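Please look over the sequence and the model shown here before reading on.

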Amino acid sequence: MKSFNEYIQYVLVGGQLVFEELIYIAQNVNLDTLMEGANTIREKFKGSQAHLCSALNIKSGCCSENCRYCSQSKYYKTHVKYYDIIEPERIKEFADYNVGKGVHNLGLSSSGGFYSDLNYTKLIDVYKDISAKTPLILCGAHGILRSVEEAKGLKAAGLVTYEHNLQTSEKFYPNICTTHTYQQRIDTIRFAQEAGLNICSGGIIGLGEDMEDRIEMALLLRELGVKSVPINILNPVHGTPYGDKPVSLTIDEALRSIAIFRLALPDANLIYGAGRAFMGDKCSLAFAAGMNGIVVGDFLTAKGNQIEDDVKLLNEQGMVPVPSFIQ
């Protein structure tokens with residue numbers, strides 16, 4: 001095996017680490033050394049760029065799928081309320097607020113397993129309205145796509161990026177969901193790409209998966225050409241199967257996982273997503289481990305931080321907000 005410094009130099013000149021190398025590094029390199037190497041890669045490929053993403057849940061609850069971590073599934077009794085697609089005026093008000101706070105990217109999310117189950121005529125009108133009236137780069141998470149044509153309709157309405165997380169490895173996926181297949185998630189990404197949309201796709205750590213699962217997911221994202229990767233830490237919600245279980249990793253393991261994602265995906269935007277409260281006063285260390293973006297404000301069904309606090313957190317790391325993609 002190479003030395004760790006040799007691996008870092010290899011990545012810095014455009015090399016791609018394979019599964020066996022990433023596993024070896026994850027299991028054998030001191031955490032501080034690993035984070036230092038990951039941060040060197042971030043600085044090389046991303047500089048001081050930071051990406052601010054805001055998320056709004058425009059349709060909530062009663063989802064047809066049984067994802068065991070999700071508070072919006074109809075299979076579980078949680079605190080989440082059901083509502084259909086909210087009115088465009090409310091979405092525009094939220095968008096304007098985020099523009100005023102310096103946010104560049106707005107993600108609109110709707111509960112439900114499949115895009116075709118939505119009132120997609122209303123959704124298309126929402127994207128036409130927001131894209132015409134704000135400078136925001138629009139990202140949409142609207143479930144599994146059944147065709148390229150569905151994605152083309154969204155793109156024509158003003159959508160720039162489609163978000164659809166792999167969540168974990170294909171091997172581990174049956175442990176967290178059985179109502180649709182992992183392949184349907186991969187197909188959704190490919191349909192969106194064929195339509196000319198950018199892709200935002202990552203996953204959740206702390207579900208009971210191991211480092212091998214995380215690396216397998218990271219390498220599949222690399223194979224798919226995904227350049228925006230949200231990394232979430234499980235936020236157990238009472239009423240779901242994970243509700244009364246502790247998160248299955250330590251803070252150090254979370255930091256190690258983030259650093260490994262940076263080594264596997266050197267030129268991707270790694271977005272700090274949900275579950276940041278788990279990190280406590282070590283929250284900022286995620287940037288030293290390779291993160292270069294953050295979901296600001298509230299999350300889909302959970303409270304987050306004030307946008308100003310998230311921006312301050314980035315600034316303290318010497319990072320400057322920029323748009324994720326050009327509209």
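**A walk through the predicted model**

Y182 lies in helix α7, which covers residues 182-194; helices (H or I, at least four residues) and strands (E, at least two) are DSSP runs, numbered from the N terminus. This is a predicted model, in which local features need pLDDT of at least 70 and side-chain atom pairs count only at pLDDT 80 or more, while totals for chains, interfaces and linings use all residues. Residues are numbered from 1 along each chain as its sequence is written, and side-chain values use heavy atoms, with hydrogens and water left out.

With a relative accessible area of 4%, Y182 is buried, where buried means under 20% relative accessible area, exposed over 50%, and partly exposed in between (1.4 Å probe, protein chains only). Once its neighbours within four places in sequence are set aside, Y182 is in contact with L166, T168, S169, E170, Y173 and L220, contact meaning heavy atoms within 4.5 Å. The C-alpha atoms of Y182 and G273, by comparison, are separated by 21 Å, and these residues are 91 apart along the chain.

The protein chain as a whole has 11 helices and 10 strands, and its C-alpha trace spans about 55 × 40 × 40 Å along the principal axes. For 327 residues, a compact globule would have a radius of gyration near 20 Å, and the 19 Å of the protein chain agrees with this; the radius is taken over C-alpha atoms, and the globule rule is 2.2 Å times the number of residues to the power 0.38. Of the 327 residues, 57% count as buried. Among the contacts in the protein chain with a separation of 6 or more, 75% come from residues 24 or more positions apart.

In soluble globular proteins, nonpolar side chains tend to be buried together. Here the largest nonpolar core has 102 residues, and those with the most contacts inside it are I25, Y69, Y162, L166 and L263; such a core is a set of buried Ala, Val, Leu, Ile, Met, Phe, Trp, Tyr and Cys residues joined through side-chain atoms within 4.5 Å. One of these residues, I25, belongs to helix α2 (residues 19-28), in which E21, L22, I23, I25 and A26 are buried. What covers the buried residues of α2 includes α1 (4-12), α3 (31-46), α8 (211-224) and α9 (251-264). Y69, leaving aside its neighbours within four places in sequence, is in contact with Q167, I176, R185, I204, L207, L234, T240 and Y242.

The structure also holds four aromatic pairs, counted where the centres of Phe, Tyr or Trp rings (for Trp, its six-membered ring) lie within 6.5 Å, with planes under 30 degrees apart taken as stacked, over 60 as edge-to-face and the rest as tilted. Among them is the edge-to-face pair of Y272 and F287, with 5.6 Å centre to centre and 80° between the planes. Y272 lies in strand β8 (residues 269-272) and F287 in helix α10 (residues 285-288), so the pair ties together parts that are 15 residues apart in sequence. Both Y272 and F287 are buried. The charged end of R276 sits over the ring of Y272, 5.5 Å from its centre, and K245 lies over the face of Y242, at 5.7 Å from the ring centre; the criterion is that NZ of Lys or CZ of Arg is within 6 Å of the ring centre and within 35 degrees of the ring normal.

A search of the whole structure finds zero disulfides. C63 is buried, with a relative accessible area of 10%.

Not counting residues up to four places away in sequence, Q16 touches Y10, E21 and R222. Q16 and A264 are 248 residues apart in sequence and 7.0 Å apart in space, C-alpha to C-alpha.

Note on methods. A disulfide is a pair of cysteine sulfur atoms within 2.5 Å.
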